[in-house]
Amino acid sequence: MLRQRILTAIVLLLIVAAAVTAPTPWPMLALLGLMIGCALWEWLRLVIDSAAVRWGGAVLAVLVLVPLSRLLSDGQPTLEAVFASYLLPLAVLFWLTLAPVSVVRAQVPDACRPGMLALLGVLTLAATWYALAWVFLRHGAAALISLWALIWAADIAAYFTGRSLGRHKLAPRVSPGKTLEGAAGGILAATAWLVATAMWWPDSFGALLLARMGWVGLIVAGVMLAAWSILGDLFESLLKRRAGVKDSSQLLPGHGGVYDRIDAVLPVAPAAVLLLTLAAR
């Protein structure tokens, strides 16, 4: 299993490296579209019984993202206005309200029928696609990779801190392995990463935030984004428990599904773009 995980991770890193260093943005945009399509299929697997709906939704998402990617790369103002004014705020509102309430209660509210959960998946994944594509197209590979690395830092530090120091459960009915100590370690590591990149990595996400928000705003943003990355992980765990499965799929050998790999990205990416755009005004 460990060998399989390592091989899959190496292949994924090589694909990402090829995409970010390509002479045109299209390989990265194609990779983001495929990633979101796979994650949507997996989200729908967790909330919808109909295979036709799951496959149809995922294929349709990829087909729609192709022309949207072209419009976004061309700087189409209407598209950016729709996403920035409506979809991003709605996605952030979901992560501020329904998601934490569901995690605290260890159940999705009864009012959230499968159809509504499916629509929430479309909303959050569409907002995530736009956020990641926008960061890449407007600010470059350094901003995108450093933002993603912030989430990795939180995840890795939370895991090792929790294993070595964890005593108090964070959400035992949702994810018994996560601890308050692990969450604190993850938040500290992600904030430290943001501060370090702001100081020493020009054009990184941290540097962009620092230029707009100053040091206090940067640290507050780091704490908030890291906490939200943990929430994204917990909400996916809740959906998997609800569906009675361990992983969202087996698309990535040794790692589970695509959604399992990007669950923490879903709340962070839209919030990060809102921070950049609002702070620039």
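## Close-up views of a predicted model

**Figure 1. Helix H7 and the nonpolar surface patch.** Helix H7 (residues 141-165) contributes the most to the nonpolar patch, giving four residues. This is a predicted model: local features need pLDDT of at least 70, side-chain atom pairs count only at pLDDT 80 or more, and totals for chains, interfaces and linings use all residues. Residues are numbered from 1 along each chain as its sequence is written, and side-chain values use heavy atoms, with hydrogens and water left out. The patch consists of Leu 13, Trp 152, Ile 156, Tyr 159 and Phe 160, with about 560 Å² of accessible area together. Patches take residues with over 30% relative accessible area and no salt bridge; like charges are joined within 9 Å, nonpolar side chains (Val, Leu, Ile, Met, Phe, Trp, Tyr) within 5 Å. Areas follow the Shrake-Rupley method with a 1.4 Å probe; for residues, only the protein chains shown count as cover. Helices (H or I, at least four residues) and strands (E, at least two) are DSSP runs, numbered from the N terminus. Leu 13 sits in helix H1 (residues 2-20). Leu 13 counts as exposed because its relative accessibility is 54%. Buried means under 20% relative accessible area, exposed over 50%, and partly exposed in between (1.4 Å probe, protein chains only).

**Figure 2. Phe 235 in the largest nonpolar core.** The largest nonpolar core has 86 residues. Such a core is a set of buried Ala, Val, Leu, Ile, Met, Phe, Trp, Tyr and Cys residues joined through side-chain atoms within 4.5 Å. Trp 43, Val 47, Trp 129, Phe 235 and Ile 262 have the most contacts inside it. Phe 235 is buried, at 1% relative accessible area. Beyond its neighbours within four places in sequence, Phe 235 contacts Trp 43, Phe 94, Trp 95, Ala 99, Ser 102, Val 103 and Tyr 259. Contact means heavy atoms within 4.5 Å.

**Figure 3. Aromatic pairs around Phe 94.** The structure holds 11 aromatic pairs. Phe 94 and Trp 95 make an edge-to-face pair, 4.8 Å centre to centre with 70° between the planes. Rings of Phe, Tyr and Trp (its six-membered ring) pair if their centres lie within 6.5 Å; planes under 30 degrees apart count as stacked, over 60 as edge-to-face and the rest as tilted. Both Phe 94 and Trp 95 are buried. The ring centres of Phe 94 and Phe 235 are 5.4 Å apart and their planes lie at 85°, so this pair is edge-to-face. The pair links distant parts of the chain, 141 residues apart: Phe 94 is in helix H4 (residues 77-96), Phe 235 in helix H9 (residues 205-243). Trp 43, Phe 94, Trp 95, Phe 235 and Tyr 259 form one aromatic cluster.

**Figure 4. Salt bridges between separate elements.** There are five salt bridges, each a side-chain nitrogen of Lys or Arg within 4 Å of a carboxyl oxygen of Asp or Glu. Arg 138 and Glu 80 form one of them (2.3 Å, N to O). Arg 138 in helix H6 and Glu 80 in helix H4 are 58 residues apart, and the pair links distant parts of the chain. Arg 138 is partly exposed, at 31% relative accessibility. Asp 233 and Lys 178 also meet in a salt bridge (3.3 Å, N to O). Asp 233 lies in helix H9 and Lys 178 in strand S2 (residues 175-179), so the pair ties together parts 55 residues apart in sequence. Asp 233 is buried, at 16% relative accessibility, whereas Lys 178 is partly exposed, at 23%.

Figure 5. Glu 236 pairs with Lys 240, their closest N and O atoms being 3.8 Å apart. Both lie in helix H9, four residues apart, about one turn of the helix. Glu 236 and Lys 240 are both buried. Salt bridges that share partners join Glu 236, Lys 240 and Asp 260 into one network.

**Figure 6. Positive phi in two loops.** Most residues other than glycine have a negative phi. Ala 106 is not a glycine, yet has a positive phi of about 60°. Ala 106 lies in the loop between helix H5 (98-105) and helix H6 (114-139), and is partly exposed, at 22% relative accessible area. Asp 203, also not a glycine, has a positive phi of about 75°. Asp 203 belongs to the loop between H8 and H9, and is exposed, at 52% relative accessible area.
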